[in-house]
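Please keep the sequence and the model in view while reading.

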Amino acid sequence: MDPLDAGPLLDVRGVTLQYKTRDHLVTATYRVGFEVFASERYVVLGPSGCGKSTLLKAIGGYLTPAEGEIRLRGEVIRQPGPDRMMVFQEFDQLLPWKTVRENVMFPLLVGGKASRAQAETRAREYLAKVNLSACADQYPHTLSGGMKQRVAIARAMAMEPAMLLMDEPFAALDALTRRKMQDELLELWDETRFTMIFVTHSIAEAIKCGSRILLLTPHPGQVLAELNSTARGASAEARALEERIHEMLFAETIEAPVARA
Amino acid sequence: MRAPEQRPSRPEYLAAPADATEFGVVEKPLSLWETVANVAILRKAAILIVLALLWELYARHLDNPLLLPTFSATVHALVTGLAGGELAARIWTSIKILLIGYAAGIALAAILTTFATTTRIGNDLLETLTSMFNPLPAIALLPLALIWFGLGPFSLAFVLIHSVLWPVALNTHSGFVSVSTTLRMVGRNYGLRSLRYVGLILIPAALPSIVTGLKIGWAFAWRTLIAAELVFGVASGGGGLGWFILENKNTLDIPNVFAGLLTVIMIGLVVENVVFRTLEARTIRRWGMTTT
């Protein structure tokens, strides 16, 4: 069956998000709507200040929309839950008091999703997938940044969630490690076909990692376009798409001074 | 116009890095002296020995056992006291009440901090109470405790709880507050709520601050207890270490006074260097949550 016939896994409808700072009420996104289907690599792309991270946090259940609603399999999202595992940008997302293996096992155990033996098997399996079997008994502070992000990905995938929410997971890595991690992520996807929402501000990363790309405008974030990414390895098309997205995102900033003059 | 760039005429080249077997020593073990000097406990033991030696020499030079008995005389009194069972009984009396007060203080601090973490009014309550009571010396409450609870272990426990509760609650709370947003979000992502969230995420994440609070609380409790015993000392069954010191002062048995003080110091050293150090080594040091 075509996955499109089953209906969207995630349905975001007219979502306006606001949060309060010390002296302002900030509107992060304004009436954003999109659908994510099973096994999609859905990328939310936009310049800083377009509310993409806030949007991801709302899907994660950390904040409630001021307007509109977010439904996962038809159910309105009200609070955070292990069916939407998050991978954060920060390296301190692993629990420092647990070993790598225990970090992967912990959410399985507290959620009652697996017995200790099952959790151990699953942790071993997913750590092998991210090539970290050798580090299973180390504590996170002994790992490099890239390794920590791999553990976080293994931890999220081991839960076999409805979808993975990735908030610029590679942004704090050096360029070489980032490229390697992107390749590994795609390999993992080839293996398990998980659904993910991937937030990034890098156009190249969006085209490389995504199958479908949502473009947001800044201040507040509004949908600008939803595009299909190019096939992997089609570097000429990818470059053309990159240019096209670049033009779409930055057209306003180039036109603006002309309009004012 | 810019001048055309001068290309360097230096040639490119490829090098062949030497094989690892060729350059002999990469890691060399440290010498015996360096290894010994790296053990903190040995360095500290050396300091203690030097201090004891200075004491012994100065006391012999002074030659006035009423003012300053020698180190050896003090150790002799200490050993006799321990062997006779009197000093041991006094230590046990002190430790017992100390542990009761310490445990009760920590339990109350846990309740107060949990309340402060989960509600805003609890937070305000904790902040107000700690700023009121933390600067208040426990010993200043002793007259009041004597009126309320009489001459006995209850009064001691009361001032002990007061001395432990506030520093532990304050440190634990500031530890909770400083847990990173990412870790909080991770905990909630796992579906952890209320007490499980506090127990499984906040407490381990705030452990460095909590251990600091426990250490300060222990030092305050120990100090308060000895002082309180010095003031009124006798619980119904017999006094503790503070009373032992006071009693021996009254009978001018000065080596025993020093033996009592030495005991207080030694218990402090043991708890700090063995109990808390082991706790830190097993937890925050192992987890890389501390830099020292």
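In chain B, residues B:L225, B:I226, B:A227, B:A228, B:E229 and B:L230 of helix α10 meet B:L241, B:G242, B:W243, B:I245 and B:L246 of helix α11. By class, this contact of α10(B) with α11(B) has nine nonpolar, one polar and one charged residues. The model is predicted: local features need pLDDT of at least 70, side-chain atom pairs count only at pLDDT 80 or more, and totals for chains, interfaces and linings use all residues. Residues are numbered from 1 along each chain as its sequence is written, while chains are lettered from A and ligands numbered from 1 in the order in which they are written.

**Terms used throughout**

- Helices (H or I, at least four residues) and strands (E, at least two) are DSSP runs, numbered from the N terminus.
- Two residues are in contact if their C-beta atoms, placed from the backbone, lie within 7 Å.
- Ala, Val, Leu, Ile, Met, Phe, Trp, Tyr, Cys and Pro count as nonpolar, Asp, Glu, Lys and Arg as charged, and the others, Gly among them, as polar.

**Helix pairs**

- Helix α10 (residues 207-231) and helix α11 (residues 241-250) of chain B have axes that come within 7 Å and cross at roughly 45°; axes are lines fitted to C-alpha atoms, for helices over the stretch in contact, and angles run from 0 to 180 degrees between N-to-C directions.
- α10(B) and α11(B) are therefore oblique to each other, given that angles under 35 degrees count as roughly parallel, over 145 as roughly antiparallel, 65 to 115 as roughly perpendicular and the rest as oblique.
- α10(B) passes α11(B) in a right-handed crossing; a crossing is left-handed if the near helix is turned anticlockwise from the far one by less than a right angle, and right-handed if clockwise.
- In chain A, the axes of helix α3 (residues 116-129) and helix α4 (residues 145-158) come within 9 Å and cross at roughly 135°.
- That angle makes α3(A) oblique to α4(A), and their crossing is right-handed.
- From α3(A), the residues A:R122, A:A123, A:Y126, A:L127 and A:K129 meet A:A154, A:M157 and A:A158 of α4(A).
- The contact of α3(A) with α4(A) has six nonpolar, no polar and two charged residues.

**Where the chains touch**

- The contact takes 18 residues from chain A and 16 residues from chain B.
- On the side of chain A that touches chain B, β6 (84-87) and α2 (100-110) of chain A each supply at least two residues.
- The residues on that side of chain A divide into 11 nonpolar, five polar and two charged.

**The four-stranded sheet of chain A**

- Four strands of chain A form an open sheet in the order β2-β1-β4-β5, with antiparallel pairing; two strands pair if DSSP finds at least two bridges between them.
- The edge strands are β2 (25-36) and β5 (75-76) of chain A, each of which pairs on one side only.
- Strand β1 (residues 10-20) and strand β4 (residues 67-72) of chain A run antiparallel and are joined by five bridges.
- A:L10 stands opposite A:L72 in β4(A).
- Helix α1 (residues 52-60) of chain A packs on the sheet and touches β1, β2 and β4 of chain A, and its direction makes about 115° with that of β1(A).

- A residue is buried if 20 or more other C-beta atoms lie within 10 Å of its own, exposed if 12 or fewer, and partly exposed in between, with C-beta atoms placed from the backbone.
- Four bridges join β9(A) to strand β3 (residues 41-45) of chain A, and the two run parallel; A:V44 stands opposite A:L214 in β9(A).
- Six bridges join β9(A) to strand β10 (residues 222-228) of chain A, and these two run antiparallel; A:R212 stands opposite A:N228 in β10(A).
- β9(A) and β10(A) form a hairpin with four residues between them.

- Most residues other than glycine have a negative phi, and most peptide bonds are trans.
- A:H219, in the loop between β9 and β10 of chain A, has a positive phi near 50°.
- With 13 C-beta neighbours inside 10 Å, A:H219 counts as partly exposed.
- The peptide bond from A:H219 to A:P220 is cis, with omega near -15°.
- A:S39 lies in the loop between β2 and β3 of chain A and has a positive phi of about 65° although it is not a glycine.
- A:S39 is partly exposed, with 15 other C-beta atoms within 10 Å.
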